[in-house]
Amino acid sequence: MAKRSHKKFRLHLYICAGTGCVANRSLEIKEELIKEIARRGLKDEVRVAITGCNGFCERGPIVVVRPDGIFYQKLTKKDIPDLVEEHLIKGRPVERLMYRQTPKTPAIPKMKDIDFFKHQSLIVFRNRSRLNPEDIDEYINYDGYSALKKALMHMTPEEIITEIKASGLRGRGGAGFPTGLKWELCRQSPGKTKYIICNGDEGDPGAFMDRSVLEADPHAVIEGLIIGAKAIGAEKGFIYVRNEYPLAVKRIRIALHQAEKRNFLGDNILGTGFNFSIDVVRGSGAFVCGEETALLASIEGRVGRPRPRPPYPVQKGLWGRPTNINNVETWANVPVIILRGAKWFSSIGTKGSKGTKIFSLVGKINNTGLVEVPMGITLKSIIYDIGGGIPHGKKFKAVQTGGPSGGCIPKDLLELPIDYESLTEAGSMMGSGGMIVLDEDTCMVDVARYFLNFTQQESCGKCPSCRLGTKQMVEILNRITEGEGREGDIELLEEVGKNVKLSSLCGLGQTSPNPVLTTIRYFRDEYEAHIQKKQCPARVCKALISYVIDPELCSGCTVCAKNCPSDAIIGEPKKVHTIDQSKCIKCGICITVCPDKFQAVKKMSPVIK
Amino acid sequence: MITLTINKKKVKAKKGETVLEVAQREGIYIPTLCYHKDLTPYGGCRICVVEVQGWPLPVASCTLPVEDGMVVKTDTRLLKKLRRFSLQLILSEHPHACLICSKEKDCSQYQECIQKSVITFGCKFCSQNKRCELQDLVDYLGIKDIPFNFHYRNLEVERFDPFFDRDYNICILCGRCVRMCQEVRGASVLDFHHRGPETLVGTAFDLPHLETGCQFCGACIDVCPTGALRDRYGKWIGVPDRSIKTTCTLCSIGCSIRLNCLDTSVINSTPDDNQICVRGRFGIAPLVHHPKRVTSPMMRKGDRLVVVEWDEALQFVCSRLKDQSGKAGIVFSPQLSIEAIDSLYRLADSLHCHSLSAYSICHCAPFDLKEIKDEAVFIIVNTDMISDFSPLLLRLRECIKGKATFIVIDAVGGEITQMADLWMRPEPGKEKELIDQIFVQRKKRAYTNISAKDIKYVRDLLVGKNCYVLYNPFNTGNLSVPKEIETIALPSSINALKIDALGIDTPVTQVLHDKNIQCLYLCGAVPQLIKKYDTVIVQDSFLPPYEFDVFLPAALFAEINGSVMNIEGKIKKVRKAIEPRGKARSDEWILGEITRRLNFSGRTRQQMRRKGARITTYRSVGSSKAYPIRLIVRENNYVYRGKPLAQLMKGFERLRHDNHVWIHSSTAKKHRVKDGAVVQIIGKEMKLTMPAWITDDAPKESVVIFSHPSIGFIDSQPVRIACTKS
């Protein structure tokens with residue numbers, strides 16, 4: 001329902017102001033639009049507003065025109081005069097700025113008709129592309145803070161907990177612990193002072209779900225926190241955001257300020273006698289601070305190192321008090337569960353995993369971005385129906401879920417329904433929602449090495465299993481990718497990996513071997529090729545590949561020779577060129593510059609002698 | 001009461017205990033590495049892991065709180081495998097060649113000589129060989145090989161600081177030193193740097209320990225399981241064959257310590273039950289075995305010093321004492337044993353000697369730490385309790401169940417002023433006014449340059465709480481406070497209370513100025529002499545810096561049996577750890593021999609003449625045009641038998657600079673004094689020459705010196721300073 005004052009506008013332009021589009025100059029486009037609209041005298045008819053991430057980051061900068069829901073993508077400043085003239089004044093939406101699946105297929109004007117969007121189910125992103133995150137009134141107009149009123153005025157804390165338990169909501173940070181149960185345990189812990197925390201540390205490389213939620217709909221998170229505080233009996237909450245999210249920090253601070261002014265936060269909230277306030281704490285650049293005990297240490301001003309559990313934070317958390325920590329996405333689900341009921345929420349998803357999950361779909365995929373899908377949807381559906389499949393006609397190889405703590409799922413398991421249990425059984429995990437698609441040109445050994453390198457650098461260093469065990473594994477993987485793999489390396493990796501999982505102190509160490517163990521499980525042949533045949537089947541590992549020019553395809557255009565930085569290509573014009581392997585540094589420039597019609601440069605593995 | 005099952009045995013436990021504590025109590029062995037009973041559990045080494053029924057992963061038992069009905073297994077095949085795995089990984093960063101060498105047995109048998117080398121390649125080259133917890137664990141877990149790449153950190157061994165070395169190449173990152181320094185000692189000098197595989201233990205900004213407020217208490221060394229942190233002195237002497245419990249006599253606290261010895265050497269001294277300080281930790285063994293120690297009786301014959309036998313020396317002493325019996329003066333150090341002091345007292349008595357004097361005379365009362373237990377405010381005046389009385393400070397903290405607040409009043413900065421909750425820095429000489437202002441409401445405020453805000457803060461703090469004023473009487477003089485406030489005087493020397501009880505209160509200056517005295521007997525004392533004497537008898541361990549007639553080599557407290565009285569009035573035992581070196585004998589024996597040989601009968605014993613003792617050398621210091629600088633004199637608490645430790649052991653000089661004159665940087669600039677330059681301090685009737693140490697711990701327009709009788713008896717007074725050619 002639009003704001004009363006907005007009724008006078010006949011058109012609303014929502015410009016995506018998530019970090020991705022902002023980096024792509026969407027705010028400049030907004031300024032340009034405002035100027036052009038004023039110039040054309042449309043100030044009282046057309047409203048320009050920002051909105052949070054639309055999810056289709058591949059196609060940014062994005063503008064959605066409402067009420068029709070026309071979707072414009074890949075806009076530049078130069079497109080604005082045309083847009084204003086044709087669509088806003090003459091009522092003819094501009095086709096060339098619309099989405100097309102491929103350059104040859106017809107344009108799809110409306111957002112709801114685009115594959116990427118139409119297969120999604122929005123709960124957390126319910127206000128996507130129609131809400132200005134910096135305006136509390138817009139949030140209220142979309143039933144914002146109604147759940148809070150219901151919870152504070154018509155429900156007891158126990159009833160709130162019962163509702164959350166019945167909904168089946170599980171922690172969206174990765175572990176998937178039943179949220180209602182966690183709240184109940186925290187409530188039951190003895191002690192008058194309790195705390196609740198929103199974990200916005202989101203450290204997985206490639207994950208940006210929490211960032212987008214905080215930037216797009218901070219009030220949803222805040223409302224969830226207040227309801228949670230009432231249920232548990234906390235008067236103080238903390239939103240812990242990693243420092244690398246300045247826009248999220250800014251939007252939360254604005255939202256908190258606005259919420260306080262409307263008495264949704266502070267003393268005697270809505271006259272019910274309930275007091276609750278929230279502080280924002282910024283992280284300092286450590287992945288391990290996403291681990292709850294390290295996060296607690298960080299808020300307390302100490303170095304972010306995990307401590308053994310038990311006691312768990314719900315028993316002894318911040319400053320020794322019972323503390324409930326939940327992920328951003330978990331909190332954003334709470335208001336809608338309270339408002340629409342547990343029965344409705346638990347009707348979505350599978351038996352063990354209710355509701356929706358946001359995934360960041362990245363990697364070798366046509367439609368890169370954020371997607372919110374019901375639990376139980378198959379991987380195949382996400383990758384092909386929503387993601388649009390693999391670009392450049394390449395073959396799908398695997399999808400990596402759960403970031404550095406997760407594992408890869410191969411082609412054979414594409415029909416796997418997304419659900420906490422099924423992903424764990426396959427050797428991976430849901431994690432926070434990272435989904436990296438890999439194609440035939442990805443080396444699985446290299447992927448394992450990449451993730452293990454990351455966890456090794458982020459390890460806090462307290463226990464030898466993680467600090468040194470991952471280091472030993474990285475060294476073995478480095479050797480393998482450099483052609484120095486030995487017989488027994490795979491077995492050693494498996495053995496060390498299993499022991500690291502069992503003896504590490506915290507979740508970081510316990511899950512760090514997962515990428516290695518799953519790639520060995522499903523792609524053992526690639527490891528064996530690296531070790532026994534010194535071959536990289538995907539032709540990625542530099543030490544195991546050679547660049548060669550196919551004499552059948554080379555036309556002697558000399559472009560590659562001219563661009564080679566080490567003068568390794570020899571050949572007369574119009575004669576077949578060859579690469580001197582002793583000089584080649586495998587930079588790949590020759591493949592890039594060789595004209596598409598020839599595509600004469602190839603990679604071969606094992607190396608040519 | 002909680003019941004749980006460990007290895008099929010039902011055991012009882014209390015809520016809040018950990019599984020490891022319960023297991024240890026029940027005699028069930030669980031190997032550990034980063035665990036230490038005095039420190040909070042860390043859970044980092046993963047060696048103490050146990051399996052709990054129904055839990056998916058093994059858990060560290062040192063941090064696992066007991067729960068009713070828990071079923072625990074401590075010794076399964078999986079646990080053995082994981083423990084080996086963790087230890088093998090730890091050893092992948094620690095030179096382990098000897099640990100798994102197949103020739104280890106042969107090597108130990110035939111190559112007994114310790115390989116002192118610059119780099120520790122393995123156990124054979126490590127000073128902690130056979131005393132290392134890693135060796136014990138490797139034996140217990142039966143580790144025969146390490147299937148991992150070996151990474152040597154290749155760091156330089158840290159040898160810059162005094163007293164101990166740090167070789168972080170063999171550190172296993174157990175964190176015990178970090179926890180000890182932070183939790184128990186409260187100095188927080190050490191912490192982990194970086195993270196992940198780059199993790200290292202170190203100081204803030206990698207500064208030398210001398211610049212980080214390290215107290216050099218050695219507590220980190222005592223908990224280090226490997227050879228990473230080790231005493232420099234005695235490092236290579238070997239494994240001790242005995243550990244003798246005795247009492248440290250270097251200050252008035254009289255901590256219980258253990259002297260660790262091998263054959264006739266004292267290797268080092270370590271704490272017994274309570275924490276100790278740098279003096280007791282690093283100042284004893286090098287003192288006992290000091291190269292300048294003289295252990296044979298000597299006499300002056302003509303202009304030569306000749307080594308003689310005891311008989312001859314004692315004969316000489318007795319004959320002189322007999323001849324000059326009415327003209328004898330005795331000055332002694334309180335650091336003798338009580339038995340020796342009693343012998344001296346009797347000797348003085350039999351000589352009818354009225355001039356018996358000791359250093360550090362004061363009238364102090366004993367106190368009981370047990371009486372201090374509730375939340376309290378401590379006001380410390382002119383005394384750096386961390387530098388001089390750190391074990392007492394720690395025990396004060398322990399006694400208090402609630403919060404202990406420390407307010408420091410001192411014109412001179414130091415260790416304690418940095419950690420105080422509030423440091424009030426009045427102008428030198430205005431401490432009395434300040435204390436007055438705090439405790440008594442007066443309309444007219446005396447000028448002390450302390451803000452009204454701070455004074456109000458302290459006044460508010462005192463409401464409803466116990467307050468104790470702690471001070472070294474030498475540095476403050478008489479402090480007058482309202483009756484309700486309890487003052488605790490902290491004399492710096494052991495046996496101070498005993499000497500007071502014996503009624504020995506003649507000031508040393510009085511004895512030294514006495515024109516009648518011709519025969520001076522110095523027993524452990526080395527005061528600056530003002531006149532010439534017929535006879536100078538020296539009973540000590542080191543030669544004095546002036547002429548003497550006879551030298552009687554005395555044993556140090558590590559070499560005698562006896563007792564001493566500490567600051568709390570408790571009698572503590574001193575036990576012999578080694579036989580006295582060379583021909584040295586205990587003071588008690590020497591004095592006993594002299595008394596016996598003298599066999600003096602004669603006049604009846606008269607009451608010792610008591611004169612009003614001047615308790616303190618402190619007074620308010622002004623300044624004048626001729627003497628524009630205020631000289632602040634503080635007592636030097638780092639003295640043994642009259643000799644400052646800084647003179648005998650370089651480490652103490654570097655730590656304390658107490659043989660320097662402290663000058664504020666702005667004052668130094670004004671008078672063009674450079675750091676280390678030799679300056680003269682000239683007063684109306686005194687002149688001192690010493691090197692300068694520029695520090696802002698000294699107040700502006702003042703200089704600070706640490707007094708001990710060997711530089712003369714100097715009061716705080718106005719002076720001027722002059723640079724000499726350095």
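Visitor: What pLDDT does chain B average?

Guide: What you see here is a predicted model, so pLDDT is the predictor's own confidence in each residue. In chain B, 94% of the residues score at least 70. The average for chain B is a pLDDT of 89.

Visitor: Which residues of chain B have a pLDDT below 50?

Guide: There's a stretch of chain B to treat with caution. Beyond near neighbours in sequence, that stretch still has 37 contacts in the model. Its pLDDT is below 50, and it covers residues 602-618 of chain B.

Visitor: What ipTM does the predictor give the complex?

Guide: Two scores cover the complex. The pTM is 0.91. The ipTM is 0.90.

Visitor: How much area is buried between chain B and chain A?

Guide: The size of an interface is often given as the accessible area lost when the parts come together. In this contact, 32 residues come from chain B and 33 residues from chain A. Carbon and sulfur atoms give 58% of the buried area. The total is about 2,800 Å².

Visitor: What is Arg467(A)'s salt-bridge partner in chain B?

Guide: Between chain B and chain A there are 3 salt bridges, alongside 12 residue pairs in polar contact. For Arg467(A), the closest N and O atoms of its salt bridge are 3.7 Å apart, which falls within the 4 Å cut-off and therefore counts. The partner is Glu93(B).

Visitor: Which element gives the most to the side of chain B that touches chain A?

Guide: Both α2 (77-91) and β7 (191-193) of chain B supply at least two residues each to that side. By class, the side has 18 nonpolar, 9 polar and 5 charged residues. The top contributor gives 7 residues, and that element is α2(B).

Visitor: At what angle do the axes of α18 and α21 of chain A cross?

Guide: Two packed helices are described by the angle between their axes and the distance between the axes. Here, Met473(A), Leu477(A), Ile480(A) and Thr481(A) in α18(A) meet Val516(A), Tyr527(A), His530(A) and Ile531(A) in α21(A). That contact has 6 nonpolar, 2 polar and no charged residues. The axes of α18 (464-481) and α21 (514-532) come within 11 Å, crossing at roughly 35°.

Visitor: Which residues does Asp374(B) contact, leaving aside its neighbours within four places in sequence?

Guide: Asp374(B) is found in the loop between β16 (355-358) and β17 (376-381) of chain B. Its C-alpha atom is 55 Å from that of Leu321(B), with the two residues 53 apart along the chain. As for contacts, Asp374(B) has Ile400(B) and Asn466(B).

Visitor: Where does Pro311(A) lie?

Guide: The peptide bond from Pro310(A) to Pro311(A) is cis too, with omega near 5°. Pro311(A) belongs to the loop between α12 (292-299) and β9 (323-327) of chain A.

Visitor: What phi does Lys534(A) have?

Guide: Lys534(A) lies in the loop between α21 and β15 (546-549) of chain A. Although Lys534(A) is not a glycine, its phi is positive, at about 50°.

Conventions
Residues are numbered from 1 along each chain as its sequence is written. Chains are lettered from A and ligands numbered from 1 in the order in which they are written. This is a predicted model: local features need pLDDT of at least 70, side-chain atom pairs count only at pLDDT 80 or more; totals for chains, interfaces and linings use all residues. Side-chain values use heavy atoms; hydrogens and water are left out. Contact means heavy atoms within 4.5 Å. Buried area is the accessible area (1.4 Å probe) that two parts lose on being put together, summed over both. A salt bridge is a side-chain nitrogen of Lys or Arg within 4 Å of a carboxyl oxygen of Asp or Glu. A polar contact is a pair of N or O atoms within 3.5 Å; within protein, one must be able to donate a hydrogen and the other to accept it, and residues adjacent in sequence count only if both atoms are side-chain atoms. Helices (H or I, at least four residues) and strands (E, at least two) are DSSP runs, numbered from the N terminus. Ala, Val, Leu, Ile, Met, Phe, Trp, Tyr, Cys and Pro count as nonpolar, Asp, Glu, Lys and Arg as charged, and the others, Gly among them, as polar. Axes are lines fitted to C-alpha atoms, for helices over the stretch in contact, and angles run from 0 to 180 degrees between N-to-C directions. pLDDT is the predictor's confidence in each residue, from 0 to 100.
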